[in-house]
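Here is a briefing for a reader new to this structure. Look at the sequence and the model, then go through the points by topic.

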Amino acid sequence: MVDFSLWDIIRNLLLAGRWTIGLSLIAFIGGSTVGLLLLMLRLTKLPAVEPLVAAYVQLFQGIPLLVQLFLAYYGLGLFGINTSPWVAAGIGLTLYASAFLTEIWRGCVAAIPRGQWEASESLALSFYEQLRYIILPQAVRIAVPPTVGFLVQVIKGTALASVIGFMELTKVGKTIANATYSPFLIFSCVAVMYFLLCYPISLYAKHLERKIHVHR
Amino acid sequence: MRIQLDFMAVLSQWPLLLTGVAWTLSLTAISVLLGTLLGTACAWVRARGFGANLAPAWLQAAVGGYVELIRNTPFIVQLFFIFFGLPAAGVKISAETASVIAMVINLGAYAAEIIRAGLEATPKGQIEAAQSLALNRTQTFVWVVLPPALKKVWPSLVSQIIIVMLGSSVCGQISTQELSYSADLIQSNNFRSFEAFIVVGGIYLVLSIGTRQLLNWAGAKFLFGRR
């Protein structure tokens, strides 16, 4: 048994929190990039693309994130790629986030009245110009609150990266709990840290949502 | 480079997979029943503006704290807190009990917010009509306000139930024998890790699509059909 003071515990958890934040950022940025690409593909109305993107979304929303992470971890190993937890967790969470963000943003684009598309088409704008000048500026405004809200899901999702050996907040918490035999205190601290990370973002998302409804 | 996948090694262990499916579905069923009840109770406490709310301020604050705390922390931490933390505080529970408790508490918090949205969409006239028929507060809530509210939010509630079912895969981490735990056992038997998780992922996909279809159908047919 190792003696940890409360400050030791909190300091180690805070240090581990950096990896939680780092992984969240990777997943969020990666997920946004892939999600945006998929959304663009879907909007081009190329044949067979729409059902493919829908299948992608269904696949990643219908399989537990935990299983996705294991698949990324063992799959990469099978293909001979170095399976560091960073790579596996980054790829697993990116795919997961991209599926959800594609679906969220598709809803936002669908919320733009058809007349806007028709009007911009009648102005002889190309598909790219229609998106760039007419549709996306309006869709982005609607998309901001749910996207910020989804960031909370991503942060909570990174907790699962602990199962493939990624040393983030949850994993470090579990390790310290095993060493100190005081899981009640440690997991309380871990929960509080996630809460302090997520709650402000939740509040901000709610605030943004209210603002949009007022302007309408 | 050639990669050889051997799915038969995984599929031949179908009794393990079947046990896992049974556990996943039972965990989900129990937590959906209890979690929706808990969520409804919390929604009743939190809902403002539909007349029937007489919950004391301290109860509203407590329920508000519960909902926000659960919705802003990961499920796996909640599960670890209950399974590892509570015994240290003197409450001994099995892995299965801990899983059910964690899932009920988790679904309860999300369901509370979903159902509350439905409750707050109830027109005031409905409540006034119920009062003029001399229904008391409980009767008004159970027979007049709740059914249309649940009907309105049923699709969101079904999505949340699917999320909780997929979340149950985390319970394998405390050795509850659900589906992802089966995958873990199988891969430790034959080292076919990738195949095991592909198969189990496929089963989860089928389960989630099937459950969504079933609940949407059952909701329209039995719960809200004739109202």
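A residue is called buried when its relative accessible area is under 20%, exposed when it is over 50%, and partly exposed in between (1.4 Å probe, protein chains only). Arg116(B) is buried, with a relative accessible area of 16%. This is a predicted model: local features need pLDDT of at least 70, side-chain atom pairs count only at pLDDT 80 or more, and totals for chains, interfaces and linings use all residues. Residues are numbered from 1 along each chain as its sequence is written, chains are lettered from A and ligands numbered from 1 in the order in which they are written, and side-chain values use heavy atoms, with hydrogens and water left out.

**Chain B overall**

- Chain B holds 9 helices and 0 strands; helices (H or I, at least four residues) and strands (E, at least two) are DSSP runs, numbered from the N terminus.
- Its pattern along the sequence reads α-α-α-α-α-α-α-α-α.
- The C-alpha trace of chain B spans about 75 × 45 × 30 Å along its principal axes.
- Of the 227 residues in chain B, 50% are buried.
- Contact means heavy atoms within 4.5 Å.
- Among contacts in chain B with a separation of 6 or more, 75% are between residues 24 or more positions apart.

**Ser99(B)**

- Ser99(B) sits in helix H5 (residues 95–120) of chain B.
- Its relative accessible area is 0%, so Ser99(B) is buried.
- Neighbours within four places in sequence aside, Ser99(B) is in contact with Leu27(B), Leu79(B), Cys171(B), Ile174(B) and Thr176(B).

**Helix H3 of chain A**

- Helix H3 (residues 65–78) of chain A has 14 residues.
- From first C-alpha to last, H3(A) reaches 20 Å, close to the 20 Å expected at 1.5 Å a residue; the expected span is 1.5 Å times one less than the number of residues.
- H3(A) is largely enclosed by the rest of the structure, because 10 of its 14 residues are buried.
- Those buried residues include Leu65(A), Gln68(A), Phe70(A) and Gly75(A).
- In chain A, the buried residues of H3(A) pack against helix H2 (49–62), helix H4 (85–110) and helix H6 (127–158).
- In chain B, they pack against helix H8 (179–190) and H9.
- Just after H3(A), Gly80(A) takes a positive phi of about 75°.

**Salt bridges**

- Side chains of opposite charge can pair when their charged atoms come close.
- A salt bridge is a side-chain nitrogen of Lys or Arg within 4 Å of a carboxyl oxygen of Asp or Glu.
- The whole structure has 9 salt bridges over all chains.
- Arg11(A) bridges to Asp8(A), with the closest N and O atoms 3.6 Å apart.
- Both lie in helix H1 (residues 6–43) of chain A, 3 residues apart, about one turn of the helix.
- Arg11(A) is partly exposed at 35% relative accessibility, and Asp8(A) is partly exposed at 23%.
- Lys206(A) and Glu68(B) form a salt bridge through their side chains (3.6 Å, N to O).
- This pair joins two chains, because Lys206(A) lies in helix H8 (residues 183–215) of chain A and Glu68(B) in helix H3 (residues 57–71) of chain B.
- Lys206(A) is partly exposed at 33%, whereas Glu68(B) is buried at 8%.
- Glu120(B) pairs with Arg116(B) in a salt bridge, the closest N and O atoms being 4.0 Å apart.
- Glu120(B) and Arg116(B) are 4 residues apart in helix H5 of chain B, about one turn of the helix.
- Glu120(B) is partly exposed at 39% relative accessibility.
- A network of salt bridges links Arg46(B), Glu113(B), Arg116(B) and Glu120(B).

**The second largest pocket**

- On a 1 Å grid over the protein atoms alone, a cavity is a set of points where a 1.4 Å probe fits but cannot get out, and a pocket is an open set with protein on both sides within 12 Å along at least five of seven lines; lining residues have an atom within 4 Å of a point.
- The second largest pocket holds about 490 Å³ of space; grid points are joined across faces, edges and corners, and a volume is the space filled by probe spheres set on the points.
- Its lining has 20 residues, and Thr36(B), Leu150(B), Trp154(B), Leu223(B) and Phe224(B) lie nearest the centre.
- H7(B) gives the largest share of this lining, 8 residues.
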